[in-house]
Amino acid sequence: MKVTILGGTGEQGFGLALRLAKNYEVIIGSRRREKAQEAAERIKEILSSKGIPYRNVVGMENREASREGDIVILSIPYQHILSTIGDLKEELKGKVVVSIGVPLASAIGDKPTRVVLPFQGSVAQMVQEYLKDSKVVSAFQNVSAKVLECVEEPVDCDILVCGDDEEAKRIVIEMVESIEGCRGIDCGNLEMSRYVEQITPLLIGLNIRYGVKGSGIRITRLGR
Ligand SMILES: NC(=O)c1ccc[n+]([C@@H]2O[C@H](COP(=O)([O-])OP(=O)(O)OC[C@H]3O[C@@H](n4cnc5c(N)ncnc54)[C@H](OP(=O)(O)O)[C@@H]3O)[C@@H](O)[C@H]2O)c1
């Protein structure tokens, strides 16, 4: 399966690409093809230098990348998600689209320990409203880019997964669990994403309070 990461040139998408390239073909998407290709080369260099085997990693402009991927991760800042996907509805039709966005208030110049919720209640629901013909699944909001980039260490974080399409959710949980140290937890329908997205400002606050870079979460006593 091919995984496209729109905005894979940025912090979180780059970290996800480093982790996913071991088991998936990864396509980095960018507004500029050369920037995507540079990021893809950097990912291959990092993995090669650490002796970590990987599938193919390539870079493409966002539209072509959306067309190519079976799963498309939206790794774009909250305030720019709609302008990006609004132009890609056809390419994303029928696909599993992974919303990882957090509606941090820093998007409007306020604190990153606060949120500014979209009208729909969560970023994932906002994305689903715009991409009516895609299967939107929410995941990866509570894991930090700083942790993902340390590719030699297990991630040590549960990934809460929400979505209305059971098969799409299964595909995403399988992808989550291909990352060492990540457990995918089925949290129910997409509307549950509003709670998941709001854990992230809490984690950012904990990072500041405890002077760490990538606090994460574990759910206990699920029997698995
Ligand atoms: N950073 C974290 O630790 C973290 C943790 C959990 C969730 N997230 C979520 O992950 C997503 C990405 O976060 P990030 O920190 O990686 O963001 P970022 O580095 O600031 O940006 C990611 C990419 O988005 C694209 N982008 C920037 N401005 C854009 C615009 N005006 N229009 C279209 N595309 C634009 C850029 O790609 P091109 O220039 O190549 O097009 C950029 O490399 C966000 O939704 C965030 O809430 C982040």
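This is a predicted model: local features need pLDDT of at least 70, side-chain atom pairs count only at pLDDT 80 or more; totals for chains, interfaces and linings use all residues.
H1, S2, helix H7 (145–148) and helix H10 (199–210) each supply at least two lining residues. H10 provides the largest share, with four residues. By class, the lining of the largest pocket holds 20 polar, twelve nonpolar and six charged residues.

The second largest pocket has a volume of about 150 Å³. Its lining includes Leu18, Arg19, Ala21 and Lys22. Leu47, Ile52 and Pro53 also line this pocket, as do Val151, Ser178, Ile179 and Glu180. Seven of the lining residues of the second largest pocket are nonpolar, three are charged and one is polar.

Ala21, one of the residues lining the second largest pocket, sits in the loop between helix H1 (11–20) and strand S2 (25–30). Ala21 counts as buried because its relative accessibility is 0%, and the cut-off for burial is under 20%. Leaving aside residues up to four places away in sequence, Ala21 touches Val26, Leu47, Tyr54, Arg55 and Val57. Of these contacts, Leu47 is also listed in the lining of the second largest pocket. Ser106 lies 85 residues from Ala21 along the chain, and the C-alpha atoms of the two are separated by 30 Å.

How values were computed
Residues are numbered from 1 along each chain as its sequence is written. Side-chain values use heavy atoms; hydrogens and water are left out. Buried means under 20% relative accessible area, exposed over 50%, partly exposed in between (1.4 Å probe, protein chains only). Contact means heavy atoms within 4.5 Å. Ala, Val, Leu, Ile, Met, Phe, Trp, Tyr, Cys and Pro count as nonpolar, Asp, Glu, Lys and Arg as charged, and the others, Gly among them, as polar. On a 1 Å grid over the protein atoms alone, a cavity is a set of points where a 1.4 Å probe fits but cannot get out, and a pocket is an open set with protein on both sides within 12 Å along at least five of seven lines; lining residues have an atom within 4 Å of a point. Grid points are joined across faces, edges and corners, and a volume is the space filled by probe spheres set on the points.
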